[in-house]
Amino acid sequence: MNQNIIQNINKYLKIEKRYTIFIPLDEFNNIKNSEKINIDGQNISIELLKKLIKDDAYYEYLKKYIFGENFSLNIGYTKDGKQVDEEIDCPYKPIIIEGIEKLISTKKMNLTKEEYKKLEVLKQEISFEKFKDNQQGLVYNFNIDGIDYSIPFEKMISFLELSTPKFKELCNNEKIENIPKEHFAYAIDMLFQQSGGYQSNLIPPKIKQRLKDIRAFKIIDYQAVNEFLQKDPTYTADLNKELEKEIISQMPEDISTLEKAIYIYIKMCKTLTYSQEYYALNQKGEATLKYKDPEYISTITPENNEVVCYMFNNMYANLLKKYLGVNYKNNYKSIFGNTYGTGHVSLEFRIDKFLITADSTRSILNADLMLAKVNHPLKGIECINKSKQTQQEFKESFSKMYDLINKNEKSEEIESTEELINYYKLISDNVEEIPLTEKVSILTETVNSIELPVMDAFGYTLILNKILFAEKEREENINFKIISNKEVENFEAVPVGIYIINENGITNELNKNENIYFYFDPNNRNNPLVSISPEVLEEKIKENTFGQIGKRNIDSTIPGIEGSLGGKK
Amino acid sequence: MIEKLREVNDKLIKLNVNDEKNLKKYKLIQKILKDDKCFFKMKIEYAYSILRDLGIKKQDLKKVYVELINSKNL
């Protein structure tokens, strides 16, 4: 018996003492600081493993733990016997045994005949055969996706013990033992969790790997099981009939539910636009209140189509529920909790095995509400399943719907324009530099002929900036700022743009200002782009007609113009 | 406008059926042009290069390009 184990301990620690081996500090530190071995992602002290099998006192504690007399095993140090000052938790039973066996197989430890016998006693207690014997005849009850199942233990184990070809074949079927395979896989995971199989038994390597793959959703994707069974109680407002028709009327009948959900999302992004006033006011102020009323949604039509995030969310949820019977959840990012009209919100829902999030207005100008109009890849609708295969299936459904709506010919390979241009770069000998003056001329000509809703117009100009100008040119020769203009009728403020252009490099100097300025107001359909003098700009800033959109306590200036748009109040 | 470019490209594919290098190029351009909005997704330098490949004269490049990236094409 190890004489170092502390016997005289405060009564409060008597319970702890049942499953904690209390040792002196130097022994404790020796264990804590010793070299570690990794078993299934857990690091265990080699010194501890050696003591557990070689030291009788340690072994007794281990045996009680393995045989279930104690529910855990810890190593502790107490300074004065009144409290546990420091503790090491031992890992699960199979990890300890596998750790000891690994030390033996890698010759880091030798056992005597007696010690082998002791090890064998422990192994027998938590063997897989013993586990099966204990479970024999038991039937496990589950409620999975609203369906009650009673599944005998033997059925689940025999599936795991199948030969590799048979196992793979069944995993590719729709059903296993007449149960949808996703439900069956879920049941197996629950079996091992409820029975303590993962923590308490030595599982043969083949079965262990299969369980690991099942739990990682690599073989069967059951991640969505038992999710979204309840309806979100949030009220969803009715849509204007004309708008609903615009979105839904051409949706094919013969596509899957997932494809319909994607179709509706894409159509909504193409039909709606972000509210310019809400954007210009940075989502604050009295003028934004109407957007926070769910009833306001029913006023949105294909012509009066400006929305904000929670409106889009609400409308999308309405259509998912009405046409597809899909349950959803509102995902609020707000300090005010889950209140309609506060913060930012996205939608989460499930269709069969797919778990999906949808956020059409994240980053506003670069969000799906704009990207859908230029057939750019959409970023706001995602499949969040961990299974790569499920994600790939989602992408394929998405491409199919995007092609359908854009009336593209179906691509044999799914290659983006960007990828194709990369190939083109390699084979073309026809690429030439284009003078900055020509690019600026193209910019002014195209911007001046814009006929788009305001926020889409800004999205469009940002795209033009990217395709016309190299990064260096955007840093040195052409700048674009979106600011607010409060001198307007019908709105409290609207967003406007200022282009700053200088072929020789934009200057910040106030006295030698050779920059050229253009004022962009997409609300002015006749003349959206006009030149503006630095003096007029300065005046508008001074009188607070022009202001910053965004963080109010950050100073922001237009190069070469006196006066800041922001600044601390 | 993009429909016209597709037609021109299809003719060029037929004309270059025995010229492996050019055929490869025009087949690639054919793939690029499948997307109605492709010109919104590439730099102007590559757009001009493709237009030159399709036989658009230097003096017409700007006019054609401006029409292709007009906001009404969104």
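Let us start with one pair of side chains: A:Lys322 and A:Glu244 form a salt bridge, their closest N and O atoms being 2.6 Å apart. A salt bridge here is a side-chain nitrogen of Lys or Arg within 4 Å of a carboxyl oxygen of Asp or Glu. The pair links distant parts of the chain, 78 residues apart, with A:Lys322 in helix α16 (residues 309-324) of chain A and A:Glu244 in helix α13 of chain A. Helices (H or I, at least four residues) and strands (E, at least two) are DSSP runs, numbered from the N terminus. A:Glu244 counts as buried because its relative accessibility is 6%, whereas A:Lys322, at 48%, counts as partly exposed. For these words, buried means under 20% relative accessible area, exposed over 50%, and partly exposed in between (1.4 Å probe, protein chains only).

Before going further, a word on what you are looking at. This is a predicted model, in which local features need pLDDT of at least 70 and side-chain atom pairs count only at pLDDT 80 or more, while totals for chains, interfaces and linings use all residues. Residues are numbered from 1 along each chain as its sequence is written, chains are lettered from A and ligands numbered from 1 in the order in which they are written, and side-chain values use heavy atoms, leaving out hydrogens and water.

Over all chains, the count comes to 33 salt bridges. Another of them joins A:Glu277 and A:Lys290, with the closest N and O atoms 3.4 Å apart. A:Glu277 lies in helix α15 (residues 276-280) of chain A and A:Lys290 in the loop between α15 and β11 (306-307) of chain A, so this pair ties together parts that are 13 residues apart in sequence. A:Glu277 is buried, with a relative accessible area of 3%, and A:Lys290 is partly exposed at 36%.

Now let us look at how chain A is divided. Its domain assignment (bounds of this kind come from an automatic or database assignment) gives domain 1 (11-126), domain 2 (140-215), domain 3 (241-419) and domain 4 (436-547). The centres of domain 1 and domain 2 of chain A, taken over C-alpha atoms, are separated by 32 Å. Their contact (heavy atoms within 4.5 Å) takes eight residues from domain 1 of chain A and six residues from domain 2 of chain A. Together these two domains bury about 710 Å², with 53% of it on carbon and sulfur atoms. Buried area is the accessible area (1.4 Å probe) that two parts lose on being put together, summed over both. On the side of domain 1 of chain A, A:Tyr92, A:Pro94 and A:Ile126 lose the most area to domain 2 of chain A, together 57% of what that side buries.

Two salt bridges are counted between domain 1 and domain 2 of chain A. The side chains of A:Asp40 and A:Lys208 meet in a salt bridge at 2.7 Å, N to O, and A:Asp40, A:Glu98 and A:Lys208 are linked in a network of salt bridges. A:Asp40 sits in the loop between β2 (36-39) and β3 (42-45) of chain A. Its phi is near 50°, a positive value in a residue other than glycine. Most residues other than glycine have a negative phi. A:Phe217 also has a positive phi, about 60°, although it is not a glycine. This residue lies in the loop between α12 (205-215) and α13 (241-248) of chain A, and A:Phe217 counts as buried because its relative accessibility is 12%.

The last stop is where the two chains meet. The contact takes 42 residues from chain A and 32 residues from chain B, and the area buried between chain A and chain B is about 3,500 Å², of which carbon and sulfur atoms give 61%. Four salt bridges are counted between chain A and chain B. In a salt bridge of 2.9 Å, N to O, the side chain of B:Glu45 meets that of A:Lys439. B:Glu45 is buried, with a relative accessible area of 16%, and A:Lys439 counts as buried at 2%.
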